[in-house]
Amino acid sequence: MKRVHNFSAGPSMLPLEVLEKAQKELPNYQDSGMSVMELSHRSGLFTDIITQAESLLRELMHIPDNYKVLFVQGGASQQFAAIPLNLKKNGKADYINTGSWSKKAMKEAKKFIEVNEIASSEDKNFTYIPASFEVDPEADYVHITTNNTIEGTAFCEIPDTGNVPLVADMSSNILSEEIDVSKFGIIYAGAQKNIGPAGLTVVIIREDLIGHASAQCPTMLDYQTHSESGSLYNTPPTYGIYIAKLVFEWLKDLGGLKEMQARNEKKAALLYDYIAASDFYHSPVQEDSRSLMNIPFVIPNRDLDADFIKAAQEEGLETLKGHRSVGGMRASIYNAMPVEGVEALIVFMKKFAEANQ
Ligand SMILES: *Cc1c(COP(=O)(O)O)cnc(C)c1O
């Protein structure tokens with residue numbers, strides 16, 4: 001069977017074990033004579049799937065009892081609107097602008113709330129995470145993007161926002177390392193990076209933040225709707241939830257987030273160390289702000305980018321093209337990327353450097 005090393009930023013690779021289990025169960029799930037896609041979302045079999053998915057996620061992330069886990073649709077982008085619509089009280093919110101996704105979140109929030117950019121790294125093309133900022137104690141929430149998928153930066157420390165709820169877009173680094181959920185008011189993530197297939201969005205929300213949506217908030221964006229119904233107000237993305245459950249089981253079998261963090265640190269260190277040692281490649285990101293998940297790198301002679309991408313593809317190393325705003329290359333090495341994939345990439349990078357130096 002042909003399988004490439006897929007470095008896509010999203011949708012990204014899934015563990016082969018998960019795909020194979022899904023394949024085996026596809027036409028006849030648990031002797032129902034149906035696939036999961038064909039099961040009623042109100043059936044006992046699907047109830048078991050969604051219940052297990054939630055309890056596995058709670059176990060993996062040590063989610064405290066006063067938080068709800070919601071499985072919704074619309075992607076992380078839909079949450080950009082849902083957050084102000086649900087949390088608006090004083091009518092203003094603080095945002096830390098660390099890249100393209102933060103900017104999109106701010107642009108959307110401005111439709112509903114006064115947005116104050118309390119820190120930004122735009123002055124240096126988002127190559128670092130701002131170290132200091134002041135939270136307005138009257139702000140309804142503070143929004144951060146914990147991992148900047150496009151720019152390859154990440155918050156190494158979760159900021160302390162006092163009594164103001166911290167809201168985090170964790171789309172591209174959820175489940176990649178241990179975090180303290182109790183520091184957050186809301187964590188949200190589109191599934192297609194580190195959880196499962198596109199179409200599912202996970203929202204982890206402190207209970208006291210539910211039930212305050214503004215009157216104009218659409219029913220489907222009101223967290224209370226999904227909280228009260230156990231994410232079954234309407235038809236949820238059933239197959240995506242099933243695959244997420246398989247991914248959660250895979251993570252648990254491997255040893256949970258502690259083990260994932262160790263693996264991710266090892267993979268990222270291999271690549272960063274090689275880039276640092278090479279005089280051919282260069283990391284555009286400030287050292288103390290580097291992501292474990294998305295690693296951009298550039299070749300000073302930009303004319304070689306297209307050759308690099310093409311030659312890599314010929315060796316089964318896919319989707320390494322950097323985002324147009326950064327240029328160069330980007331290796332996304334989420335949980336499902338084995339260390340062998342990173343090693344294969346480094347072998348190729350050495351070969352390419354030697355041939356083009
Ligand atoms: C991919 C991504 C998004 C967009 O997610 P959608 O599910 O496509 O809306 C938002 N924020 C971050 C950090 C991302 O990586």
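Contact here means heavy atoms within 4.5 Å. Keep that cut-off at hand as you open this predicted model, in which local features need pLDDT of at least 70, side-chain atom pairs count only at pLDDT 80 or more, and totals for chains, interfaces and linings use all residues. Residues are numbered from 1 along each chain as its sequence is written, and side-chain values use heavy atoms, with hydrogens and water left out.

**Stop 1**

Select Phe248 and show what surrounds it. Leaving aside neighbours within four places in sequence, Phe248 is in contact with Ala53, Leu56, Leu57, Leu60, Leu175 and Ile195.

Now widen the selection to the nonpolar core, meaning a set of buried Ala, Val, Leu, Ile, Met, Phe, Trp, Tyr and Cys residues joined through side-chain atoms within 4.5 Å. Buried means under 20% relative accessible area, exposed over 50%, and partly exposed in between, with a 1.4 Å probe and protein chains only. The largest such core has 52 residues, and those with the most contacts inside it include Leu57, Ile174, Ile204 and Phe248. Helix α6 gives the most to this core, with 9 residues. Apart from it lies another core, of 34 residues, among them Phe7, Leu292, Ala312 and Met349. In soluble globular proteins, nonpolar side chains tend to be buried together.

**Stop 2: the sheet**

Switch to cartoon view. Helices (H or I, at least four residues) and strands (E, at least two) are DSSP runs, numbered from the N terminus. Two strands count as paired if DSSP finds at least two bridges between them.

In what order do the 7 strands of the open sheet lie? The order is β2-β10-β9-β8-β5-β3-β4, with mixed pairing. From one strand to the next, the twist averages 20°.

On β3, 5 of 6 residues are buried. Next comes β5, which pairs with β3 in the parallel sense over 2 bridges; there the bridge partner of Asp94 is Val142. Both faces of β5 are covered: Val142 and Ile144 on one side, and His143 and Thr145 on the other, are all buried.

Continue to β8, where 4 bridges make a parallel pairing with β5 and Val167 is the bridge partner of His143. Strand β8 (residues 166–169) is in turn joined to β9 by 3 bridges, also running parallel. Select Asp169 and you will find its bridge partner in β9, Tyr188.

Two helices to show against the sheet:

- Helix α2 (residues 44–61) packs on the sheet, touching β2, β9 and β10 (201–206), and its direction makes about 130° with that of β2.
- Helix α4 (residues 100–109) packs on the sheet, touching β3 (92–97), β4, β5 (142–145) and β8, and its direction makes about 160° with that of β3.

These angles run from 0 to 180 degrees between N-to-C directions, with axes as lines fitted to C-alpha atoms, for helices over the stretch in contact.

**Stop 3: aromatic rings**

Rings of Phe, Tyr and Trp (its six-membered ring) pair if their centres lie within 6.5 Å; planes under 30 degrees apart count as stacked, over 60 as edge-to-face and the rest as tilted. By this rule the count comes to 13 aromatic pairs.

Start with Phe80 and Tyr188, an edge-to-face pair at 6.3 Å centre to centre with 80° between the planes. Phe80 lies in helix α3 (residues 75–87) and Tyr188 in strand β9 (residues 186–190), so the pair ties together parts that are 108 residues apart in sequence. Phe80 is buried, with a relative accessible area of 4%; for Tyr188, also buried, the value is 0%.

Then move to Tyr239 and Tyr242, whose ring centres are 5.2 Å apart with planes at 50°, so this pair is tilted. The two are 3 residues apart in helix α6 (residues 238–254), about one helical turn.

To finish with rings, select the cluster that ring pairs link together: Tyr274, Phe280, Tyr281, Phe297, Phe308, Phe348 and Phe352.

**Stop 4: Ala9**

Last, select Ala9 in the loop between β1 (5–6) and α1 (16–25). Is Ala9 buried or exposed? It is buried, with a relative accessible area of 13%. Not counting residues up to four places away in sequence, Ala9 touches Thr149, Lys193, Asn294, Arg330, Ser332 and Tyr334.
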